[in-house]
Amino acid sequence: MRSSENQSPSKEYVWHQLKEHHRAIAKLHMRDLFAQDPARAKKFSTGLNGLLIDFSKHRITDETFDLLISLANATNIREKISALFSGQQVNKTEHRAALHTALRSPDDKLPDTDQKTIPAQVKAELERMYNFVKALHNREHKGSTGKPISKVVNIGIGGSDLGPRLVVDALYDYRSSNIKIAFVANLDTQDLYRVLDDSDPETTLFIVTSKSFSTLETHANARLAKQWLIDNGCHEIHRHFIAVSSNKSAIQEFGISADRLFQIWDWVGGRYSVWSAVGLAIAVYTDNNSFADFLAGAHAMDEHFYNAPAENNIPIILAMLDVWYNNFFNAETHAVIPYDHGLQLLPAYLSQLIMESNGKGVSSEGQALELHSSPVFWGAAGTNAQHAFFQLLHQGTRLVPVDFLIAMQSSRDDKHHKVVANCFAQSKALMLGQENNTEPCKHFPGNRPSTTITYPKLSPKILGMLLAMYEHRTYVQAMIWDINPFDQWGVELGKKLATEIISDLEQKPPIESKHDASTSLLIEQYFKNKT
Ligand code: F6P
């Protein structure tokens, strides 16, 4: 057990053991580890409901694995999981729970407590959402001129965009309605106008998705969308808007009535919100059953995370491997390479999930961290990525652990084995390498770690499991580093300064400069070039 709560993991005895152990095994080559132990792949792989997680291509021995699991246990990981699921205020700086698990739970109370209010609220809102989707699919929702809605545009950013955008893209094979879906996020109006140029105002419905409804980008885009409707003769604009938010009064002020608002709650973090009405676009694009399956998949992963002992627990194992490379091998980045075009947006989604959660510099008690927190998570879809940055993965000077994700089946492609083979070949090449003593440029050092995650096909259930797996992995990382993964104060300063600079740029030059010399120069340049 961790000797005292809220202290750096480096104070744990097992941390010192890991340091010593790292020194002893850092030079071992995985090639040799595989040669010495024919059972290695079986031993270092696990599964759940069709998922296979092969973590045998990591620079670990039996002892490494045991020490990493001991570190997880020393962090009181079971208690921390219970705190998350039971609705304790795990988000200490904002005094909030983080109950994304309740959004996908069929149970009528939260685990480890008798709390029933939240499950009841979740069910009621989900029911409203499903009724709305049914009516939309039945062409009962009509625009200002009486024509049925045939296009839905989600306006939102960050967690109010990346999750539904990823899932809609991923579930292309499950599209079931004739309703077209588009997403608008960026403050740069090119994003909005590209969508509007391709839309018919009479039949377009906007979902304004913003937990706070105080986000600059979403406000600006929603206002422009409203103007576009009016300019195009759609005056009953309330027929063209619905909202997903926790800020009822701001939504009403914008002109969206309470009956067209789907609620989210302060205990749902933006980047953990795809399971709530923030995922409405997903149900519209597929159907209510697919959305329910997506939730069920996530719930299956929740149950596994909640119940499985640390040594068999997928999110815990993956998080401990992250800690191993981040804090012992000093890896600075981690690549995510889905060999599944449906998951092409996964790296962007994970960038927010993991880096906004764990890119922190202070502990949960506000002390400066002694250890590094989150590495940079990045990536792109294979096989495209092979022809872009794989050079660095194979021969670069930096160690970059990789997650490969691959479906075993394809709905359309009878040559899918070629995609599968490429994925398997890359992890094999990274692990084995290839000696070349005569031509150094053709030498592959190997010993580069990766996890391969396979699944039968990218169904709503599998996708739910995968995203929940990454959420929980993020949580475990945070618990090891003793940080709060549920706040994001680091985004605030830039927002505040942007507000000040916006007001400067709205003035007539010359303006009295109150900025540093570089910012003043840039502002001057703006005015010189402004048309
Ligand atoms: O600025 C960061 C952030 O607050 C994210 O955490 C969030 O997902 C995004 O902005 C959008 O916030 P909202 O849903 O409140 O518009």
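K514 is exposed, with a relative accessible area of 55%, where exposed means over 50% relative accessible area, buried under 20%, and partly exposed in between (1.4 Å probe, protein chains only). K514 lies in the loop between α19 (492-505) and α20 (517-529); helices (H or I, at least four residues) and strands (E, at least two) are DSSP runs, numbered from the N terminus. Along the chain K514 and D287 are 227 residues apart, and their C-alpha atoms are separated by 53 Å.

This is a predicted model, in which local features need pLDDT of at least 70 and side-chain atom pairs count only at pLDDT 80 or more, while totals for chains, interfaces and linings use all residues. Residues are numbered from 1 along each chain as its sequence is written, and side-chain values use heavy atoms, with hydrogens and water left out.

The C-alpha atoms of V376 and E332 are separated by 6.4 Å, although the two residues are 44 residues apart along the chain. Leaving aside its neighbours within four places in sequence, V376 is in contact (heavy atoms within 4.5 Å) with E332, T333, H334 and M355.

In the order β1-β2-β11-β10-β8-β9, 6 strands form an open sheet with mixed pairing, two strands being counted as a pair if DSSP finds at least two bridges between them. The edges are taken by β1 (45-48) and β9 (376-379), each of which has a single partner strand, so one side of each is left without a neighbour in the sheet. From one strand to the next, the twist averages 20 degrees. Within the sheet, strand β8 (residues 333-339) pairs with strand β10 (residues 402-407) in the parallel sense over 5 bridges, and I337 stands opposite F404 in β10.

Helices lie across these strands. Helix α15 (residues 346-358) lies across β8, β9 and β10 and runs at about 175 degrees to β9, the axes being lines fitted to C-alpha atoms, for helices over the stretch in contact, and the angles running from 0 to 180 degrees between N-to-C directions. Helix α17 (residues 416-432) lies across β8, β10 and β11 (450-455), at about 160 degrees to β10. S357 is found in helix α15, and S357 is buried, with a relative accessible area of 0%. Apart from its neighbours within four places in sequence, S357 is in contact with R271, Y272, Q352, T474, N484 and P485.

Two packed helices are described by the angle between their axes and the distance between the axes. Helix α13 (residues 288-307) and helix α14 (residues 314-328) pack at an angle of about 75 degrees, and their axes are 8 Å apart. The two helices, α13 and α14, are therefore roughly perpendicular to each other, a term for angles of 65 to 115 degrees, whereas those under 35 count as roughly parallel, those over 145 as roughly antiparallel and the rest as oblique. Where they touch, M301, H304 and F305 in α13 meet I314, P315 and I316 in α14. By class, this contact of α13 with α14 has 5 nonpolar, 1 polar and no charged residues; Ala, Val, Leu, Ile, Met, Phe, Trp, Tyr, Cys and Pro count as nonpolar, Asp, Glu, Lys and Arg as charged, and the others, Gly among them, as polar.

How many salt bridges does the structure hold? The structure holds 22 salt bridges, each being a side-chain nitrogen of Lys or Arg within 4 Å of a carboxyl oxygen of Asp or Glu. One of them joins the side chains of R104 and D302 (2.8 Å, N to O), and this pair links distant parts of the chain, with R104 in the loop between α6 (100-103) and α7 (117-137) and D302 in helix α13, 198 residues apart. R104 is buried, with a relative accessible area of 3%, and D302 is buried, with a relative accessible area of 2%. The side chain of R104 also meets that of E471 in a salt bridge (2.8 Å, N to O), linking the loop between α6 and α7 to helix α18 (residues 460-481) across 367 residues. Both R104 and E471 are buried.

Helix α18 takes part in another such link, since D322 forms a salt bridge with R473, the closest N and O atoms being 2.7 Å apart, and D322 lies in helix α14 and R473 in helix α18, so the pair ties together parts that are 151 residues apart in sequence. Both D322 and R473 are buried. Elsewhere, salt bridges that share partners join D37, K43 and D62 into one network.
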